[in-house]
Amino acid sequence: MDILETRNLKKYYKTGNNGITVKALDGIDLSIKKGEFLSITGTSGSGKTTLLHMLGGLDTPTSGSIYVDGKDISNLDKDELAIFRRRKIGFVFQNYNLLPLMNVYENIVLPVRLDGIKPDKVFIDKIITALGLPDKKYFMPCQLSGGQQQRVALARALAAKPSIILADEPTGNLDSRTSLDVLGLIKTCAAQFGQTIAMITHNEEIAQMAGRIIRLEDGRICGGGCTND
């Protein structure tokens with residue numbers, strides 16, 4: 001079952017005084033199956049981040065369709081997209097984006113509470129234990145290492161039981177050993193909690209930890225786009 005699919009997805013914009021058209025995405029056909037761990041690679045300017053923003057409803061396409069869990073999100077308005085993101089998509093960013101005045105547990109459950117839903121404490125505790133954070137539950141972000149903060153960010157992404165987790169260079173601020181530890185946890189959590197993960201990385205070693213790799217070049221997929229490739 002495909003949990004996410006794009007059809008002829010395009011994102012064009014004008015730049016410079018001459019109004020040159022930049023084809024950030026130029027006809028992306030991509031399918032991701034439920035439970036899959038996918039990495040998206042490519043050189044700088046290939047369209048990786050633009051694609052991730054489209055998949056997560058953080059930006060709107062010029063044309064084409066994006067289906068997440070069977071729903072076409074490409075034509076939703078801002079309010080509808082905000083609600084859909086909270087309920088269906090988890091994000092893990094390079095810079096963690098933890099709120100400094102909230103402790104670990106409060107940061108993890110924040111997206112759930114913003115949606116007016118009571119957190120599933122049993123599930124949250126399972127995530128915290130799986131990520132090796134039970135003794136850090138009431139620590140503040142400033143008391144954590146970079147690797148621990150990224151684990152909290154991953155726990156927050158998992159907390160709402162989203163259909164898909166989108167990770168944008170999640171190990172970019174970590175040393176090589178901590179990066180491999182965090183990626184190992186991402187992979188383990190994907191399997192343990194039945195999550196689907198799409199991850200951007202420029203690191204080939206990190207990319208190889210995923211079950212499938214797609215490569216972008218000049219806004220187009222040059223390998224790995226379909227699940228049967």
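1. Helices α5 and α6 (residues 176–192) pack with their axes 10 Å apart, at an angle of about 20°. Axes are lines fitted to C-alpha atoms, for helices over the stretch in contact, and angles are taken between N-to-C directions on a scale from 0 to 180 degrees. The two helices, α5 and α6, are therefore roughly parallel to each other; angles under 35 degrees count as roughly parallel, over 145 as roughly antiparallel, 65 to 115 as roughly perpendicular and the rest as oblique. Helices (H or I, at least four residues) and strands (E, at least two) are DSSP runs numbered from the N terminus.

2. The model is predicted: local features need pLDDT of at least 70, side-chain atom pairs count only at pLDDT 80 or more, and totals for chains, interfaces and linings use all residues. Residues are numbered from 1 along each chain as its sequence is written, and side-chain values use heavy atoms, with hydrogens and water left out.

3. The crossing of α5 with α6 is right-handed. A crossing is right-handed if the near helix is turned clockwise from the far one by less than a right angle, and left-handed if anticlockwise. On the α5 side, Gly 147, Gln 150, Arg 151, Leu 154 and Leu 158 meet Thr 178, Val 182, Leu 185, Ile 186 and Cys 189 of α6. By class, this contact of α5 with α6 has six nonpolar, three polar and one charged residues. Ala, Val, Leu, Ile, Met, Phe, Trp, Tyr, Cys and Pro count as nonpolar, Asp, Glu, Lys and Arg as charged, and the others, Gly among them, as polar.

4. Helix α5 (residues 146–159) also packs with helix α3 (residues 104–114), at an angle of about 30° and with the axes 7 Å apart. That makes α3 roughly parallel to α5. Here too the crossing, of α3 and α5, is right-handed. From α3, Val 104, Asn 107, Ile 108, Pro 111 and Val 112 meet Val 152, Ala 155, Arg 156 and Ala 159 of α5; by class, the contact of α3 with α5 has seven nonpolar, one polar and one charged residues.

5. Leu 131 is placed in the loop between α4 (121–130) and α5. Leu 131 is buried, with a relative accessible area of 0% (buried means under 20%, exposed over 50%, partly exposed in between, with a 1.4 Å probe and protein chains only). Leaving aside neighbours within four places in sequence, Leu 131 is in contact with Arg 151, Leu 154, Ala 155, Leu 185 and Cys 189, where contact means heavy atoms within 4.5 Å. Pro 162 is 31 residues from Leu 131 along the chain, and their C-alpha atoms are separated by 17 Å.

6. Two strands pair if DSSP finds at least two bridges between them.

7. Within this sheet, strand β3 (residues 37–41) runs parallel to strand β8 (residues 197–200), joined by four bridges; Ile 40 stands opposite Ile 200 in β8. Strand β3 also pairs with β9 in the parallel sense, over four bridges, and Leu 38 has Arg 212 in β9 as its bridge partner.

8. Strands β9 (residues 212–217) and β10 (residues 220–223) pair in the antiparallel sense over three bridges. Bridge partners include Leu 216 with Ile 221 in β10 and Arg 215 with Gly 223 in β10. The two strands, β9 and β10, form a hairpin with two residues between them, and Asp 218 in the turn has a positive phi of about 50°.

9. A second open sheet has four strands in the order β2-β1-β4-β5, with antiparallel pairing. Strands β2 (20–33) and β5 (71–72) stand at its edges, each with a single partner strand, so one side of each is left without a neighbour in the sheet. Strand β1 (residues 2–15) pairs with β2 in the antiparallel sense over 11 bridges, and Tyr 13 stands opposite Val 22 in β2.

10. Helix α1 (residues 48–55) lies across β1, β2 and β4 (63–68), running at about 60° to β2.
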